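Here is a friendly walk through one protein model. Have the sequence and the 3D view open as you read.

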Amino acid sequence: MNSIYNYSLKDLQDYFLDIGETKFRASQVFDWLYIKRVKTFNEMTNLKKDLIKYLNSNFSMEGLKLIKVQEDVDVKKYLFELYDGNKIEAVLMRHDYGNSLCVSSEVGCNMGCRFCESGRLKKVRDLLSFELVLQLLAVEEDIKERVSHVVLMGIGEPFDNYDNIMNFIKIINDPKGINIGIRHITVSTCGIIPKIEKFAEEQTGVNLAISLHAPNDEIRNKIMPINKVYNIEKLIRSVKEYINKTNRRVTFEYILLKGINDSKENAEELSLLLKGINCYVNLIPYNETSYLEYKTSDRVTISEFYDILKKNNISVTIRKEFGSKVSAACGQLRSEHFTESGR
Ligand code: SAH
């Protein structure tokens, strides 16, 4: 499926030049897609009939099928069906600083983090750039407002689908289109080091978040299989190199799991690990899932953990909880794989 929403402005211009059209025509099409937001090529009334005909026979403008919307205070969860019947979710969060959209990057996920619902379905396929773009367009259409921030923290591991997510970022960042500020975009990874290095090279200005969740290999090995490939020492080294190259602050996400990684010793150990790194820690109260062995830490434990990091001069915040009632919170999103019988 050659979706027109796969093309950045530059790619569309190059394509148009290749077919003997002008860059200007490509800009007009881009404008119809992302500023005027029409749904068919036929509505692009400043294009010649021949070009409209060409576009109709060579590109698709089909959107995602919105299957279900669930709403709670300050949060809306969207279930979408893709062209091949697979299903993914996106979550809109209303913050005081704007509307933040959490998009999925894959159907299913292969990272196998023990506590995360999204990994219940192994990866079926990458999402293509247009399927990420369309999540955003569908949500803006639904709320009739702008989304100001985008986080790649839905289903999937963004760095396991690197090229598509980078192209997606290029498309939504374009000032002539959706225009999401580069500093308003965050990519979260469980720690795929070669891609962290590549990301550093590209100097995009996009924010990087690392799902750390443990202060040492012993704990991390138990809850995040990726740690057996890229352990904490290697991960921290690559984050330091990233910071040196980009001069950007990195976020470490740390879910608090009762009795597993939430002790005072763990907080001290984490402080030591992150000492001197230009970062901040986002403590995430665990959202309980169908993995019954993992529980949310008590309030007192969370605040003690927080206090220890503070005392050790680590910048730290406790993440505001969103959407656990509608299972829209971190780690609660699930893909559904299309099967003939399951439809
Ligand atoms: N694969 C990427 C992108 C997903 S981001 C990554 O791992 O970073 C989703 C974030 O929510 C990750 O930090 C993930 O570890 C965290 N998470 C997963 N399950 C959770 C749960 N049940 N409660 C709270 N956070 C969870």
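Strands here are DSSP runs of E with at least two residues, numbered from the N terminus. With that in mind, Thr 251 is a residue of strand S10. One thing to keep in mind throughout is that this is a predicted model.

**The chain as a whole**

The protein chain contains 10 helices and 12 strands. Along the principal axes, the C-alpha atoms occupy a box of roughly 70 × 45 × 35 Å. Of the 343 residues, 55% count as buried. Among contacts with a separation of 6 or more, 65% join residues 24 or more positions apart.

The accessible surface is about 15,500 Å², and carbon and sulfur atoms make up 49% of that area. The chain carries 48 positive and 47 negative charges, whose mean positions lie 2 Å apart.

**Strands S10 and S11**

Strand S10 covers residues 250-256 and pairs with S11 in the parallel sense, over seven bridges. Within this pairing, Phe 252 has Val 281 of S11 as its bridge partner. How enclosed is strand S11? Six of the seven residues in S11 (residues 279-285) are buried, so the strand is largely enclosed by the rest of the structure.

Beyond its neighbours within four places in sequence, Thr 251 is in contact with Leu 208, Ala 209, Ile 210, Tyr 280 and Asn 282.

**Leu 92 in strand S3**

Leu 92 sits in strand S3, which spans residues 87-95. Leu 92 is also buried, with a relative accessible area of 1%. Leaving out residues up to four places away in sequence, Leu 92 touches Asp 74, Val 75, Lys 76, Tyr 78, Asn 99, Ser 100, Leu 101, Val 139, Ile 143 and Val 147.

| Residue | Strand | Relative accessible area |
|---|---|---|
| Leu 92 | S3 | 1% |

Notes
Residues numbered from 1 in each chain as written. Predicted model: local features only at pLDDT ≥ 70, side-chain atom pairs only at ≥ 80, totals over all residues. Heavy atoms only, no water. Helix = DSSP H or I, 4+ residues; strand = E, 2+ residues; numbered from the N terminus. Buried < 20%, exposed > 50% of the residue type's maximum accessible area, 1.4 Å probe, protein only. Contact = heavy atoms within 4.5 Å. Areas by Shrake-Rupley, 256 points an atom, 1.4 Å probe, with all protein chains shown as cover. Lys, Arg positive; Asp, Glu negative; His and termini not counted. Charge placed at Lys NZ, Arg CZ, Asp CG, Glu CD. Pairing = 2+ DSSP bridges.
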